[in-house]
Amino acid sequence: MNFDLKTLAPAAAASEKCDLLVVLVPEGFKPGKDALSSLAALALKNGDFTAKPGKHLQMYQVPAVAARRVVLAGVGDGTARAVRQSLLALGSAIKAPLTRRVVVCFAAPSVAPEAASAAVQAVAEASYVYTTTKSKAEPRILSRCIVGVPDAAQVREGFDSGVALVAGVELAREWGNRPANHATPSLLADAAKALAKLPRIQCKVHGPADVARLGMGAFMAVARGSEEPLRFIELRYNGGTRTDAPVVLVGKGITFDTGGISIKPAAEMDEMKFDMCGAASVLGVFRALGELQPAINVVGLIPACENMPDGRAVKPGDVVTSMSGQTIEILNTDAEGRLVLCDALTYAARFKPAAMVDIATLTGACVIALGGVRSGLFANNDALAAALQQAGDAAQDLCWRMPLDDEYSEGLKSNFADMGNVAGRAGGSITAAKFLQKFVGETPWAHLDIAGTAWKGGAAKGSTGRPVALLVQYLVAQSTATAAPAAASGRARASRAAKASQAS
Ligand code: BES
Ligand code: MN
Ligand code: ZN
C-alpha cells in the first residue's frame, strides 16, 4: 500500500475524494470556519463526541465533504501514543469493505514527527491481512493512505521513518505468520538473501557442514532431530565507516518447537510456528535499514532450525560442547532457544561488537511475568539497557528491565557438565537469561524475551512484528551518535554514553 504526506488543513481535507476521512481532533481543539471543523465543534459542544483517544463519531455522506465516510477521532494530547490508540480503535472502519483510499487529517496547529510516524504505523497495522497460504486470498483492501498535516516539511522525517518501519514490521509479520512448512530454515535463509538486493546489505548463509566446522555443538544438538537442514544466517548492513564497531542482532530462529523429546502438550502447539519471531524481527530490521540507510554498521545473526523428536534427536541428559568450549547438560530438550542462541552469541564476538542484542521467544515464564504488553529486557550494561528502554518508549514498542543477579544462576549447576540448560521453574525467564550471559563475556549485551509480545493468540491469532520498531529506533539513535562530524570512535562512544545516561 502507498502512503503520502500532504500539507492539508481540515478545510482542504473536505475536498479530498476518498472512502474514509479520519479527522484527528485534539483536546482544546480550535475550530476554523470550514464545514468539518464546525461539525467537530458542534459535536463536542453537544457532548456527542469527546477528544479523548479512543472516542469517535462516524458520519455518512456529509454535505460539502467529498469523502464517503467521515470519522471524528479524539487524539487527546496528540502524542504518538494517543494517535496510535485512536487509530487502532478505528481498526474495523479502516478494514471495512470498499475502503481503498483513506485520508487521515490532523486538526491541530502543529504535529510532532513521531505522531505522523505513529499514524502511518497504526493505519498499516489496522489494515494488514495475511494471505500467503489461503487459496482464495482476499488481500488488503486499503491501497492508499494520505496523511494530512498543517506543515508537511515539519514531519517529513517522522513520516518517512514510519513508512520504512511499516515495511520492516510487515516483513516480520509475514514470516512470523507463515506455517512452519512454509517457513523452513532454508526458506528463511532465502528471505534473508533477498534482502541483500537492498543497498549496503550483504547476506551469507552457513549450512550444516559450516556450522560443524565452527564447533557449534549446542546449535547442532537442537537441529539433530529434524529432517530439515539447519541454516546459520549472517546479514550485514554497512552504513557506517569501516572501523565503526557494529551492533550485532541475534534472532532465535526455531521454525517449529515441538519441545523435542521433552515434548510439549498438544494444546496450542501450533503456536510454536511463531518460535522464529526473533529471527523474523531481525529480517524486518534489515528491511527497514535498507530503506532508511542510517550511518551505522549492523550484523544480523540467525540460527535457524526445527526442534523435533526423532530417533536421532538429542536426549535429556546428553552433554554437548558449545562453540565457546563450555559443556552443557541438556536436561530439557524444550529449552532449545538458549542452545541455538549461545553458539550464535559466541560467533558474534568475532565482529568486536559495540553491543549485541538477542531477540527470542525464549520462555513461557516471561509471558507469565509481563503478559503481552512489554517485552522482557535483560542487560549486563546499564547504558545499553537505558537506550533500549528509551527506544521502546519512543517507538510505542515497550519493554521492561528484569534483574540478572548472579544468585539466579545457582540452579544451572550440573554434576556432569559445566552447566545445565535449565534451572527450576522459579524465575524461568531470568535463569534463561543467566544461561545466555555465560556466553557474552564483557561485551555490552542485552536480551529481549519476546515470548509474550511477538504474537497474539485467540481470535486475533497472528504475529505482531514486535520488536522491529524498538530495534530500529535504537539503531537510528545510535547512528546519530556515531555520524557526528570527526567522530573518532572514542568520542562517539562518549557521546553515546552521555545520551544514554541523560535518558536514564
Ligand atoms: N519457545 C518456547 C517458549 C515459549 C513457550 C514461548 C510458550 C511462548 C509460549 C521455549 O523454547 C520453551 O519451550 N521454553 C521452556 C523452557 C523450560 C523448558 C525451561 C518454557 O518456557 O516452558
Ligand atoms: Mn522450547
Ligand atoms: Zn522455543
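Predicted model: local features only at pLDDT ≥ 70, side-chain atom pairs only at ≥ 80, totals over all residues.
Reader: Now the metals. Which residues coordinate the zinc ion (ligand 3)?

Author: Look for the donor atoms around the ion. The zinc ion (ligand 3) is held by Lys-252 through NZ, Asp-257 and Asp-275 through OD, and Glu-336 through OE. The distances run from 2.0 to 2.4 Å. Along the sequence, these donor residues follow the spacing K-x4-D-x17-D-x60-E.

Reader: What arrangement do the donor atoms around the zinc ion (ligand 3) make?

Author: Compare the angles with the ideal ones. Six octahedral donors ideally give 90 or 180 degrees. Around the zinc ion (ligand 3), the 6 donor atoms subtend angles of 79 to 175°, so the arrangement is octahedral.

Reader: Which residue bridges the zinc ion (ligand 3) and the manganese ion (ligand 2)?

Author: Asp-257 does. The two ions lie 3.1 Å apart.

Reader: Where in the chain do Lys-252 and Glu-336 sit?

Author: Lys-252 is in the loop between strand E9 (247-251) and strand E10 (253-257). Glu-336 is in the loop between strand E13 (327-330) and helix H11 (337-348). The pair links distant parts of the chain, 84 residues apart. Both Lys-252 and Glu-336 are buried. Lys-252, Asp-275 and Glu-336 are also linked in a network of salt bridges.

Reader: How many salt bridges does the count come to?

Author: First the idea. Side chains of opposite charge can pair when their charged atoms come close. In this model the count comes to 21 salt bridges.

Reader: What does Arg-84 form a salt bridge with?

Author: Its partner is Glu-125, with the closest N and O atoms 3.0 Å apart. Arg-84 lies in helix H3 (residues 80-89) and Glu-125 in helix H5 (residues 113-127), so the pair ties together parts 41 residues apart in sequence. Arg-84 is partly exposed, at 24% relative accessibility. Glu-125 is partly exposed too, at 29%.

Reader: Which side chain meets Glu-170 in a salt bridge?

Author: Arg-140, at 2.7 Å from N to O. Glu-170 lies in helix H6 (residues 152-177), and Arg-140 in the loop between H5 and strand E6 (144-149), so this pair ties together parts 30 residues apart in sequence.

Reader: What about Lys-315 and Asp-318: how far apart are the closest N and O atoms?

Author: They are 3.3 Å apart in this salt bridge. Lys-315 is partly exposed, with a relative accessible area of 47%. Asp-318 is partly exposed at 21%.

Reader: Is Ser-479 buried or exposed?

Author: Check the relative accessible area. Buried means under 20%. Ser-479 has 6%, so Ser-479 is buried. This serine is found in helix H15 (residues 468-482). Its side chain reaches the backbone oxygen of Val-476 at 2.7 Å. Beyond four places in sequence, Ser-479 is in contact with Pro-294, Ala-295 and Ile-296.

Reader: And Ser-463: buried or exposed?

Author: Ser-463 counts as buried, at 3% relative accessibility. Ser-463 lies in strand E20 (residues 462-463). Leaving aside neighbours within four places in sequence, the contacts of Ser-463 include Ala-172, Arg-173, Phe-274 and Trp-455.

Technical notes: Residues numbered from 1 in each chain as written. Chains lettered and ligands numbered in written order. Heavy atoms only, no water. Helix = DSSP H or I, 4+ residues; strand = E, 2+ residues; numbered from the N terminus. Buried < 20%, exposed > 50% of the residue type's maximum accessible area, 1.4 Å probe, protein only. Polar contact = N/O pair within 3.5 Å; in protein donor to acceptor, adjacent residues only side chain to side chain. Contact = heavy atoms within 4.5 Å. Salt bridge = Lys/Arg side-chain N within 4 Å of Asp/Glu carboxyl O. Donors = N, O, S within 2.8 Å, 3.2 Å for Na, K, Ca; no water. Tetrahedral: all angles 85-135°; square planar, octahedral: opposite > 155°, others 65-115°.
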